[in-house]
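Biologist: Could you take me through this model, starting with how you count charged pairs?
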Amino acid sequence: MKGNYYNESMETVPRRELEELQKKRLQAVVDHVYRSNRIYRDLFDAHGVGPDDIKSLEDVRKLPMTNKEILRESYPLALFCVPRDKIREMHMSSGSTGTPVIMPYTPADLEQWAECMARCYCMAGASQGDAVQITPLFGLFNGGFGMYHGARAAGLFIIPAGPGNTQRQVRLARDLKARILTGVVSYGLRIIEVMEEMGESLPDLEIGIFGAEAFSESMKKRVSEGLGIEVFDIYGMTETGGVGTLGQDCSAHDGLHVWEDHYILEVIDPRTGEEVEDGQVGELVVTALTREALPVIRFRTADLTKVISREKCECGRTHLRIAPITGRIDDMIIVKGVNFFPKQVEQTLMGIPGVGSNYQIIVEEIDGVKDVRVNVEAGPEVTGFMVEKALKETLGFSPKGDVYPIGGLPRTEGKAQRVFHKKA
Ligand code: DLL
């Protein structure tokens, strides 16, 4: 299996050296945030820990955990760890509560982002000069610009399409012979749909890099078959520095390689905060080792995953692998005593022949009692009974719902909203 490295020596660095590097970088970043930002210093002082206490990699556990709140409360600039004249770019996520989180970048941070993202492109098989069509939004969302910075570093021919105008999108990819298509998962589905309506195909397209939403294996299969490409699952978030910073799967498709020279990962039980063993699902906690402007420290991501392996992969990379993200902790739905994630519903729906790629999960609360409806799009051969039966097998109960004709549910160009909460 070909390695397809961007930075071979670092991607294949022996584990012992990698851990030594992480330790040094951890010491440096703790020192940096402690000296440069009052909020971090007060937090560490209150926890009775300072830079001198970090003597080994394991000492990361002595540090206090943080979460989105610290970033929201410090809006807009209070958590910056460099003077503002060092900032060259920013991105922002609005989050579910609407309080924004701002992520600033110094020139070195932009290089770090570009390197992480370039590794992802190369890992997916991109070579210099390949045309890449970038469809996430170029703006406050980190998706478009992150993929752009990485493509510059990897020497790709950039088609900065952004989302929308999907017919033009398909024509552009065809005319410019795009080999790589990147996007938010649900936009990949939209492209397939429009391509079919237009009666077009994209014979030069070989690689798809999609993320920003939890997507099930059967959804990956649909995207891969619909576009006739190999699909890669890319991960990252505003707080860690954007798309690609946390890695992607390689051609072995056996978990996502996380760039451990730049990040320390822990997986914890979200209820107790205790670390769980490898193989156990928990909340991912991330420490950014190499970012200057705003490195997160033991940041609770609210994303659920597990460590699959710390062994060297068949692609030659030594950076650990995590499972594709199950979903966010707050995405978990509890109805009739059953806990499940939207991704499980998606996996089941996409496994039913004739069911389309758009669906809605509607959680209704009437007099404090929750019920769930699942609406799908499907061809005429699919009945509501078939959908209910399949969901009963996965979830243990059968949600009611409606079957709409294909095209009957709304489409989005950014992240899709799949779950709707309603109160009577
Ligand atoms: O969604 C970064 C990104 C852009 C990733 C384009 C991939 C492609 P945020 O808007 O800050 O950043 O949202 C981050 O999205 O905490 C996860 O819950 C979710 N997420 C991101 N990538 C994946 C993925 C971008 N591959 C939040 N699988 C994260 C599942 C993902 N969930």
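Modeller: A salt bridge here is a side-chain nitrogen of Lys or Arg within 4 Å of a carboxyl oxygen of Asp or Glu. This is a predicted model, in which local features need pLDDT of at least 70 and side-chain atom pairs count only at pLDDT 80 or more, while totals for chains, interfaces and linings use all residues. Residues are numbered from 1 along each chain as its sequence is written, and side-chain values use heavy atoms, with hydrogens and water left out.

Biologist: How many salt bridges does the structure hold?
Modeller: The structure holds 33. Among them is the pair of Lys68 and Glu239, whose side chains meet at 2.4 Å, N to O. That pair links distant parts of the chain, 171 residues apart, with Lys68 in helix 4 and Glu239 in the loop between strand 7 (230-237) and strand 8 (242-249); helices (H or I, at least four residues) and strands (E, at least two) are DSSP runs, numbered from the N terminus.

Biologist: Changing topic, what does the domain assignment give?
Modeller: It gives domain 1 (1-328) and domain 2 (332-423), the bounds coming from an automatic or database domain assignment. Their C-alpha centres lie 29 Å apart.

Biologist: And how many residues are in contact?
Modeller: 25 residues of domain 1 are in contact with 20 residues of domain 2, where contact means heavy atoms within 4.5 Å. The count between the two domains is one salt bridge.

Biologist: Where does the second largest pocket lie?
Modeller: Both domain 1 and domain 2 give residues to its lining, so the second largest pocket lies between them. A pocket, on a 1 Å grid over the protein atoms alone, is an open set of points where a 1.4 Å probe fits, with protein on both sides within 12 Å along at least five of seven lines, and lining residues have an atom within 4 Å of a point.

Biologist: Which residues are nearest its centre?
Modeller: Of the 25 residues lining the second largest pocket, Leu189, Glu193, Gly356, Ser357 and Asn358 lie nearest its centre. Helix 8 (185-198), helix 9 (217-227) and strand 18 (355-366) each supply at least two residues of that lining. The side chain of Glu193 also meets that of Arg411 in a salt bridge (2.3 Å, N to O).

Biologist: Which peptide bond is cis?
Modeller: The bond from Tyr75 to Pro76 is cis, with omega near -5 degrees, and Pro76 sits in the loop between helix 4 (68-73) and strand 1 (89-93).
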